[in-house]
Amino acid sequence: MEDPQVLPTSDGRGGGTVTEKYLVESKQSASHVQLACRSPLCAFPLDGTALCVWSSEDPPHQLLILRGHHQPITAVAFGNTGSPLLVCSASQDCVISWRLQECRERVRRGTVPHGLVLGALLGQVSCVRYSPDDQVAAVCTGNKVLVLDVERRCTRLELQGHQGPVTTAEFCARQTHLISASEDRSFKVWDYCEGSLVHSSSVLTAAPLLSLFVDGGSQQLVVGCAEGQLCVFSVAEGHHYRRVTRVDLRKETESFATRRGRSRPGGRPGERKLPPAHELDRGGEVDAALPVLGLAGCDLSHILSPARGGSLAPETAGGLWVGSAGGSLVLNLASFELEAVLRYKDFRNLSIQVAGSCAMTSRDDKAFCLLASMFGNEIAVLEVDLAALGRSQQRPIPGTHLSVLPSSCVLPTSPLYFGITEKKSSQPASHRQAAARSAPRDQPLVFHSRVRSSGYTSAPHGRKGLLPGSPVGHLGVRKDYPADSSVPTKLHRQLAVTQGLAAVRCVQFSGDGRRLACGLANHLSLVLDADLSGTPAVFSGHDGAVSALDWSHDGRWLLSTSQDGTLRVWSAQRRELALCVGRDRFPKAVRCAQFYHLDAFVLLSAGPELQLLRCRLDTCKDEIRRYRQKSSCTPVLGLPTAGAAEITSLSAINEFYSHLVLTAGRDRTLEVFDLSVGRSVAVIAGAHSRPVHHICQNKGSSFTTQQSWAYDLFATIAIGDGIRLWDLRTLRCERRFEGHPNRCYPCGLAFSPCGRFVACGAEDRHAYVYEMRSSTFSCRLAGHTDTVTGLAFSPAAPQLVTAGLDGRLQLFVAE
């Protein structure tokens with residue numbers, strides 16, 4: 001054994017992003033051997049039969065060498081409790097458990113340290129793990145898993161069922177479950193106390209499974225395979241190990257490079273900057289496969305920029321170290337996106353460029369990677385500065401602070417200023433002056449001697465939602481929306497809206513929660529009572545299926561868009577058409593539209609342009625020329641998208657004054673427009689793998705309030721790519737929801753008024769409800785006989801309406 005070598009990074013000094021703290025050349029290769037890391041310790045086989053324990057707190061030359069095996073060590077693992085700290089080494093001849101503190105004391109006294117033999121002649125051991133309380137140890141040998149009693153030093157159970165060699169195992173901390181993965185490409189869950197099989201998965205991938213990791217914070221199981229795929233499952237109670245998502249590491253590295261763009265923050269003098277992450281899969285057959293050699297937890301708070309902030313704190317999201325042959329990756333377990341990519345070849349002074357096995361651990365702002373060379377006998381310990389790694393791969397931060405809550409008033413030069421002046425001066429000045437002169441002055445309001453005070457002379461009371469930046473209240477509010485309400489899962493009423501098989505495309509509640517509008521594929525729009533009772537009001541006039549609906553803030557008008565390319569505004573009370581805008585005004589068909597800025601404007605998209613219209617709505621008709629509309633609209637502003645791609649969806653807040661508008665393009669981009677200055681302020685490229693067909697903002701309602709940052713959350717949905725939750729302040733994906741099947745038909749999306757739930761439709765005839773801080777669905781709502789296309793939460797009560805291609809509406813209420 002040669003002396004330890006402490007090698008700095010390429011700048012010739014220590015303290016860079018990656019530092020090689022220790023290097024040793026063994027007489028026998030440790031490739032494909034299970035290594036162990038537990039901060040500040042690393043354990044690995046040395047010269048085949050010896051166990052070497054290295055500590056970052058000890059001098060580099062001071063190592064703990066433990067001998068007792070006669071065959072090469074094939075697996076090493078640390079215990080989970082600190083008193084006493086255990087380390088287990090396994091070979092073909094025996095499995096030994098060592099107490100590190102006792103071994104160190106024996107070495108100081110000059111005696112030979114020894115361990116406890118847990119089992120002998122168990123076969124070729126591929127993996128060994130301690131239980132959370134260190135009472136038992138799981139040993140993977142051949143096609144079976146042996147459960148050994150550490151205290152009694154005997155075999156407690158023998159678990160058989162895999163069709164191929166077992167490659168790895170992992171214990172669940174909250175349950176008496178042991179998870180094993182095999183080359184048969186499946187994993188099994190055992191109750192190691194009773195010896196029974198709890199769950200058996202199907203074949204997950206085309207390559208053998210190599211690694212497992214259970215994240216206690218998010219209650220997720222991550223399974224890694226030899227071809228660079230990660231399968232994520234939920235281990236929460238009652239979820240029965242349902243699949244959450246699948247992550248393709250090669251695609252994620254390409255997406256990571258796209259998000260970073262060409263921005264490369266400067267590094268230390270002489271240190272080579274990290275190249276684009278998509279190059280990780282180039283340069284050789286090993287890198288192209290990206291085998292998942294090891295998984296370990298990671299603290300994202302040291303990698304993510306402090307300016308990120310966000311609704312989901314990094315410590316609640318959880319991170320994951322993914323060790324591969326050519327580098328290590330940091331995965332966010334909430335958004336399932338890469339936060340950092342570390343490639344060994346980018347640091348010239350590292351002795352190991354291709355790893356055959358690896359182990360990782362993190363403590364504070366440092367991480368240690370234990371590597372064994374694939375083609376040589378070298379074993380190295382790398383120290384990674386997590387803060388420096390985050391700075392070197394930091395994503396571009398928006399130049400201006402973006403929020404749906406405006407930080408300043410609208411300037412007179414702003415396009416939105418016309419809507420405000422129009423609201424203030426609804427009558428000409430001459431009429432207002434004449435009315436003021438003719439009005440009686442200093443007259444009593446009533447003729448009674450005693451009048452209850454109207455409160456005009458008292459200080460104005462703060463009313464929830466009347467100021468810009470908070471939801472605007474409706475008159476006649478009966479009670480607030482319960483913020484701690486449960487998910488509406490009880491089916492209250494089911495209604496077939498038409499006699500034929502007309503599909504319901506979309507649904508929308510009015511702002512007061514008393515009426516429900518639904519758009520049908522037979523060109524009609526219906527307005528019903530919120531409880532789906534009574535005779536619906538029918539609005540006819542479109543020549544195509546109604547694709548979207550929107551209520552005005554005061555509830556007087558209903559806006560509808562259709563596949564015929566027109567926008568129509570209806571009087572909700574008179575059931576008459578007030579305004580029709582189509583191809584006669586815009587060269588492209590109108591695809592999306594909504595009321596905006598407290599009904600002062602109408603937003604619409606026509607081709608690649610976002611249009612802002614100022615509308616004057618009037619249902620009165622000329623007795624002579626009844627065919628002519630008195631309503632009119634005036635274009636105020638037209639803004640093209642950055643990529644000149646057709647706008648597939650748009651969203652803006654009409655419940656309070658907001659300057660920002662969100663759009664999704666056919667080129668899979670999201671763009672943010674600030675209409676107070678009349679320009680685009682941010683673009684998110686590659687938001688989904690397919691074009692976004694619906695954007696939904698967390699708008700709340702007039703019956704409840706949320707924290708200010710919650711209004712900056714919005715969700716996007718794309719066919720075949722699930723739902724992504726975004727934070728407008730950082731333009732980052734905060735969480736991903738992929739538990740619902742949606743491969744062909746565009747399904748709807750809705751936020752609950754309390755901001756705690758997201759609901760979406762699916763093609764398996766169910767509606768799915770997700771909790772905002774969990775990546776898997778909370779419940780599935782059945783009852784439809786075809787695809788669920790539209791959903792809407794009631795703004796006034798914990799109720800949910802679902803609509804489907806079967807032409808039915810279903811009303812769900814909370815238990």
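**Exercise 1.** Determine whether phenylalanine 714 is buried or exposed, and characterise its aromatic pair with tryptophan 726.

*Solution.* Step 1: Phenylalanine 714 has a relative accessible area of 4% and is therefore buried (under 20% relative accessible area; exposed is over 50%, partly exposed in between; 1.4 Å probe, protein chains only). Step 2: Tryptophan 726, with a relative accessible area of 4%, is buried as well. Step 3: The two rings of phenylalanine 714 and tryptophan 726 lie 6.4 Å centre to centre with 10° between the planes, a stacked pair (six-membered ring for Trp; centres of Phe, Tyr or Trp rings within 6.5 Å; planes under 30 degrees apart are stacked, over 60 edge-to-face, the rest tilted).

The model is predicted; local features need pLDDT of at least 70, side-chain atom pairs count only at pLDDT 80 or more, and totals for chains, interfaces and linings use all residues. Residues are numbered from 1 along each chain as its sequence is written, and side-chain values use heavy atoms, leaving out hydrogens and water.

**Exercise 2.** Identify the strands that pair with strand 28.

*Solution.* Step 2: Strand 1 (residues 18-25) pairs with strand 28 in the antiparallel sense over 7 bridges (pairing requires at least two DSSP bridges); here glutamate 20 has leucine 382 as its bridge partner. Step 3: Strand 27 (residues 366-373) also pairs with strand 28 in the antiparallel sense, over 7 bridges, and leucine 371 stands opposite alanine 380. Step 4: Strands 27 and 28 form a hairpin with 4 residues between them.

Note on methods:
Helices (H or I, at least four residues) and strands (E, at least two) are DSSP runs, numbered from the N terminus.
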